[in-house]
Amino acid sequence: MIKFVSPPKKSLKGFVTIPSDKSLSHRAVIFSSLANGTSVINNFSKGADPLSSLAVCKALGVQAEFKNDDSIEITSSGILQKPFVSLDCGNSGTTMRLMAGILAGQGFKSTLTGDESLSKRPMRRVIEPLSLMGADIQAPNGHAPLTISGKKLCGIDYVSKLASAQVKSCVLLAGLFAQGVTSFTEPYLSRNHTEIMLKYMGADIRTEGCTSIIKPSNLSPVNIDICGDISSAAFFIAAGLIVPGSDIILKHVGLNPTRTGIIDVVKMMGGQLQILDETIKSGEPAGDIRVQYSDLKGCVIEKDLIPRLIDELPVIAVLATQAQGETIVKNAEDLRNKESDRIKAVVGELTKLGANIKETPDGFIVCGKSPLTGGVQVEAFHDHRLAMSLYVAGLICDKSIGINGFEWVDISFPEFERLMNNLC
Ligand code: S3P
């Protein structure tokens with residue numbers, strides 16, 4: 001589907017309630033499936049990815065009932081059942097990598113499958129630590145489908161070269177079912193939702209610096225309130241900063257420090273952003289964010305900042321086109337392994353719009369400030385975050401643009417366009 005985006009006739013003004021966090025929704029449904037009893041998840045995401053996690057858990061014998069539009073009850077015996085079908089993770093890397101950790105230690109065989117994009121994404125990063133724990137996983141060339149024959153696992157102390165919350169969560173979840181203690185050490189801290197939620201559900205888990213340590217534990221059912229997704233808010237933050245005259249407030253956004261790299265970048269760029277009304281929701285910090293149109297300057301984004309904003313880099317590239325001077329993104333080579341090769345894709349598509357942006361092996365360099373020119377068609381490459389980043393770019397082009405494959409936004413943020421339109 002081609003979506004045409006035109007620059008708005010006026011500034012963006014008003015409030016947006018940012019929909020549910022995707023990472024937290026996955027974890028809430030998966031971890032509740034491991035608890036004996038009924039958990040209630042409030043503000044569960046309507047994105048296709050968390051729904052893939054829900055479908056996989058149901059195929060493993062868990063009961064799920066929507067109580068109203070966005071509240072869901074998960075009932076489980078705490079013991080997963082052998083599935084009769086292969087477990088379809090759709091487009092969701094989080095579903096596949098977290099479930100691999102859980103299924104490796106169950107008493108049955110199962111197969112995780114994914115769509116075309118997910119079947120090209122690297123799975124050796126989870127197969128390697130799981131195999132060291134004693135798992136039996138067959139995967140053609142390290143890709144999905146993953147056929148997992150459940151085994152008795154042993155705890156390990158795993159030191160990862162990659163700062164990845166999916167790999168960390170996979171190993172920690174395998175550790176829940178393994179004999180002895182499991183630890184996972186990463187070079188920089190990636191998002192720690194797994195650690196927070198498992199602790200909230202009673203697991204024996206602790207963190208020391210960049211190491212998380214877990215012992216086999218039983219999880220208790222809980223009520224979880226999920227905050228808004230800062231990765232979804234990022235598109236509105238960027239739009240508010242670059243559409244002249246804008247002033248918007250984003251409500252109920254998750255502000256876990258392992259996810260707020262975008263806020264640090266906006267501050268480095270000199271953007272006007274304030275946090276209002278901070279609270280804690282089910283162990284996770286949250287609050288409202290106000291952003292106003294700003295003069296921006298380039299900055300360097302690297303090292304420990306990268307895992308804290310990994311999903312925001314495509315829209316940060318758009319922001320950087322409107323910042324004076326150079327913005328350099330380094331140490332982000334794993335962006336090439338996301339739903340698309342996000343380095344190549346964002347550089348190619350923003351170049352079509354007249355941006356001065358160049359690809360590097362581990363990131364990109366943008367030289368601003370450049371006016372963006374419309375009247376062209378760009379490609380979302382089956383990637384939800386690219387589709388929404390290009391939409392934000394379309395808001396400041398001189399003419400409308402067409403985005404091919406815009407329907408992929410449904411993976412994480414089906415409400416995106418309606419909410420954006422409410423501000424225009
Ligand atoms: C996620 C972790 C990140 C992120 C993805 C969601 C998670 O992936 O890019 O969108 O929920 O754990 P990596 O762990 O592969 O960096």
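# A guided tour, stop by stop

Begin at helix α12 (residues 416–423): the helix lies across β2 and β15, running at about 155° to β2. Helices (H or I, at least four residues) and strands (E, at least two) are DSSP runs, numbered from the N terminus. "Across" rests on contact, meaning heavy atoms within 4.5 Å. Axes are lines fitted to C-alpha atoms, for helices over the stretch in contact, and angles run from 0 to 180 degrees between N-to-C directions.

Before moving on, note that this is a predicted model, where local features need pLDDT of at least 70 and side-chain atom pairs count only at pLDDT 80 or more, while totals for chains, interfaces and linings use all residues. Residues are numbered from 1 along each chain as its sequence is written, and side-chain values use heavy atoms, with hydrogens and water left out.

**Stop 1**

Select β2, β15, β17 and β16. They form an open sheet in that order, with mixed pairing. Two strands pair if DSSP finds at least two bridges between them. Now look at the edges. β2 (13–17) and β16 (272–281) each have a single partner strand, so one side of each is left without a neighbour in the sheet. From one strand to the next, the twist averages 15°.

Zoom in on β15 and β17 (residues 284–292). Six bridges join these antiparallel strands. Leu250 stands opposite Ile289 in β17.

What is the phi of His252? It is positive, about 60°, although His252 is not a glycine. Most residues other than glycine have a negative phi.

**Stop 1: a second open sheet**

Go to β7 (residues 109–113) and β9 (residues 146–149). They run antiparallel, joined by four bridges. Thr111 faces its opposite residue, Thr147 in β9.

Next, select the loop between β8 and β9, where Pro145 is found. Is the peptide bond from Ala144 to Pro145 cis or trans? It is cis, with omega near 5°. Most peptide bonds are trans.

**Stop 3**

Select β3 (residues 36–42) and β5 (residues 71–77). Seven bridges join them, and they run antiparallel. Thr38 has Thr75 as its bridge partner in β5.

Now bring in β4 (residues 63–68). Five bridges tie β4 to β5, also antiparallel. Phe66 stands opposite Ile72 in β5. A hairpin of two residues links β4 to β5.

**Stop 2: the ligand**

The residues around it are Ser23, Arg27, Thr94, Arg97, Ser164, Ala165, Gln166, Arg191, Ile310, Asp311 and Lys338.

For Lys338, a polar side-chain atom lies 2.7 Å from an oxygen atom of the ligand. For Gln166, a polar backbone atom is 2.9 Å from a ligand oxygen atom. Taken alone the ligand exposes 390 Å², and the protein buries 95% of that. Those areas come from the Shrake-Rupley method with a 1.4 Å probe.

**Stop 3: two packed helices**

Select helix α1 (residues 22–32) and helix α6 (residues 193–200). They pack at an angle of about 35°, with axes 10 Å apart. Which residues meet? Ser23, Leu24, Arg27, Ala28 and Phe31 in α1 meet His193, Thr194, Met197 and Leu198 in α6.

**Stop 6**

Select Asp362, in the loop between β21 (357–360) and β22. Asp362 touches Val329, Lys330, Asn331, Ala332, Glu333 and Ile343, not counting residues up to four places away in sequence. Asp362 and Ile343 are 19 residues apart in sequence, yet 8.1 Å apart in space, C-alpha to C-alpha.

Finish at Lys369, in the loop between β22 (363–368) and β23 (377–379). The peptide bond from Gly368 to Lys369 is cis, with omega near 5°.

How values were computed
Near = heavy atom within 4 Å. Polar contact = N/O pair within 3.5 Å; in protein donor to acceptor, adjacent residues only side chain to side chain.
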